[in-house]
Amino acid sequence: MRLVYEGKVEWEARAGTKCRACLDHLGLYGGPGAGHEYLSPLYDLHDEGGILIVLYDQVGCGRSTHSRDKLGDESFWTFDLFIGELDNLIDHLKLRRTGFSLFGRSWGGMLARVSAARRSRGLKKLILASAPASFPLYSEGCRNLLVKLPENVRKTIEECERPGGFESSEFQQALAVDIQAGFAHPTEDPTSYLTMYSGPLEFTITEFLKGRSIGDDAREIEIDTLLLNSVLDEAQDLCIGKWFTGIPRVKWKRGKAISLCRHFLVNC
């Protein structure tokens, strides 16, 4: 389905029909700019429990409007832009009448947290998967993972973090090493990602988010919240703990055998 928010096309997909006893479930992917497809395992919730699953491509990604000319424009790529788009979709699908839940992974979790802190009407439950509550603590956790890499790879990455280093052949060779599945980044259109979130690597945070403590308004989240992360996750316990101590009604599930906390914690 296509709809328009402030002249920008949104694309959304739904799985199944609504179960009257269940909340509709809306998924917010990471990046920004990663696309809705990798959240498709959430469709299993419909197959197993009759939950209506709604996924969509956020502005700047996938089948929605792209704005490559806005690279580096922090006045355009804002939380309010994405929240306005999310609210538009919720209203269009009339999800507020019976209530809905939000699942947000990484960037999607940060977006879901804004919606919850602003007490979006109809939002009943919240799941924050691998969603940093503090970028200084997130960066510290990533550095702890970085030191576990082979020494030659680690040194190359550290040296290439200097201006212009990411274009070097040494850096491209270092990327060939399986650092983590979570260090992959959007390649088709990285405009929103490079502006708001990170450089070529996940632990090189842009000025837009560097130093931000996303979880400062955690106590404004009044709904039941589930936190998900794992031992090898970029979102280490350091930056998840702030959600746990701040959100009044919260549970935390931590996986042991997976990296970057996939959408379901299997064999934890």
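Good morning. Please keep in mind throughout that what we have here is a predicted model. I shall therefore begin with the confidence values, given as pLDDT, the predictor's confidence in each residue from 0 to 100. Across the protein chain the average pLDDT is 78, and 71% of the residues reach at least 70. Which elements mark the two ends of the range? Strand β1, residues 2-5, has the lowest mean pLDDT, at 54, while β6 has the highest, at 96. There is also a stretch, residues 177-185, where pLDDT stays under 50. The model does show 20 contacts for that stretch beyond four places in sequence. However, where pLDDT is low, the predicted coordinates should not be read in detail.

Let us turn to helix α4, which spans residues 135-146. Is serine 134 buried or exposed? Its relative accessibility is 6%, and because buried means under 20%, serine 134 counts as buried. A polar atom of the serine 134 side chain lies 3.3 Å from the backbone nitrogen of leucine 137.

Further along, helix α4 contains leucine 145. Leucine 145 is likewise counted as buried, with a relative accessibility of 9%. What separates leucine 145 from aspartate 233 in sequence and in space? They are 88 residues apart along the chain, yet their C-alpha atoms are 8.9 Å apart.

The next element is helix α8, residues 237-246. Its buried residues are Cys239, Ile240, Gly241, Trp243 and Gly246. As a general point, an α-helix has 3.6 residues a turn, so residues three or four places apart point the same way.

Finally, I would draw your attention to two backbone angles. Lysine 94 has a positive phi of about 55 degrees, although it is not a glycine. Lysine 94 sits in the loop between α2, residues 79-92, and β5, residues 100-105. With a relative accessible area of 49%, lysine 94 is partly exposed. Serine 106 also has a positive phi, near 55 degrees, and is a residue other than glycine. Its place is the loop between β5 and α3. Serine 106 counts as buried, at 7% relative accessibility, whereas lysine 94 is partly exposed.

Thank you for your attention.

Methods
Residues numbered from 1 in each chain as written. Predicted model: local features only at pLDDT ≥ 70, side-chain atom pairs only at ≥ 80, totals over all residues. Heavy atoms only, no water. Helix = DSSP H or I, 4+ residues; strand = E, 2+ residues; numbered from the N terminus. Buried < 20%, exposed > 50% of the residue type's maximum accessible area, 1.4 Å probe, protein only. Polar contact = N/O pair within 3.5 Å; in protein donor to acceptor, adjacent residues only side chain to side chain. Contact = heavy atoms within 4.5 Å.
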